[in-house]
Amino acid sequence: MCMHHMLLEDNTKPTKKIQRRLNLPIIEVVKAEILKLLDVGVIYLITDSKWVVPIRVVPKKTGITMVKNKDDEFIPTRILSDWKMCVDYKKLNLSTCKDYFSLPFMDQMIECLAGKSFYYFLDGCSGYNQIIINFKDQEKTTFICPFGTYAYRRMPFGLCNALITF
C-alpha cells in the first residue's frame, strides 16, 4: 500500500496559527465540508497538536461567460458559483524537504506496466483521498476551524510532495 511521508528539514519548529472569524454563509460551507470529510473517514478530531494551521474559504470558479457592459460590448467574465474550503499549508510546505526528481522516467513506467493485464485510472480527487498519511505525520496536517481541530488520515490537496506520492 502507498503511504505519504513528510520529511522536514533540520531544526524545523512547529507553527500554530489561530482561525480568523468567518461570516455565516461561509461557516455553513465549512460545516458541510467537515461533516462530509468526517463521514468518509478522511479527517479525525484531534485535541492537542504542535502543528495547527487555519482554513481558508475561497470562491470556486466554474467557467467564463460573456456579459454585456454599459457600452453593449461583450466582456468575458468568470462566474463564481460556490465556495470551497482549503487548508493553508504554506508554513509546513516551506519546512518540508523537497523532492526535485519527482516523476519517474517514461521508460521505467512502461517497463512496470509491461505484461500487466489490467490498467486502472484514478482521478485526482479520489486518488489523493485514498493515499494514507504516515501515522507520525498526520499531526502535521492539523487544521483549525470554528467546529474544532482536525487532522487528515488521508492525503489532502496542498501538501508539498503530494503529487510525487500520487
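This briefing covers the salt bridges and surface patches of the structure above. The model is predicted, so local features need pLDDT of at least 70 and side-chain atom pairs count only at pLDDT 80 or more, while totals for chains, interfaces and linings use all residues. Residues are numbered from 1 along each chain as its sequence is written, and side-chain values use heavy atoms, with hydrogens and water left out.

**Salt bridges**

- The count is 3 salt bridges, each being a side-chain nitrogen of Lys or Arg within 4 Å of a carboxyl oxygen of Asp or Glu.
- Aspartate 88 pairs with arginine 56, with the closest N and O atoms 3.3 Å apart.
- Aspartate 88 is in the loop between β4 (74-87) and α2, and arginine 56 is in strand β3 (residues 53-68), so this bridge ties together parts 32 residues apart in sequence.
- Aspartate 88 is buried at 12% relative accessible area, whereas arginine 56 is partly exposed at 35% (buried is under 20%, exposed over 50%, partly exposed in between; 1.4 Å probe, protein chains only).
- Glutamate 33 and lysine 36 form a salt bridge at 3.5 Å, N to O.
- Aspartate 137 and lysine 140 form a salt bridge, their closest N and O atoms being 2.8 Å apart; both residues are buried.

**Surface patches**

- Patches consist of residues with over 30% relative accessible area and no salt bridge, with like charges joined within 9 Å and nonpolar side chains (Val, Leu, Ile, Met, Phe, Trp, Tyr) within 5 Å.
- Lys17, Arg20, Lys90 and Lys91 make up a positive patch.
- Met106, Met109 and Ile110 form a nonpolar patch with about 310 Å² of accessible area together (Shrake-Rupley method, 1.4 Å probe).
- Isoleucine 110 is exposed, at 52% relative accessibility.

How values were computed. Lys and Arg count as positive and Asp and Glu as negative; His and the chain ends are not counted. The place of a charge is taken as NZ of Lys, CZ of Arg, CG of Asp or CD of Glu. Helices (H or I, at least four residues) and strands (E, at least two) are DSSP runs, numbered from the N terminus.
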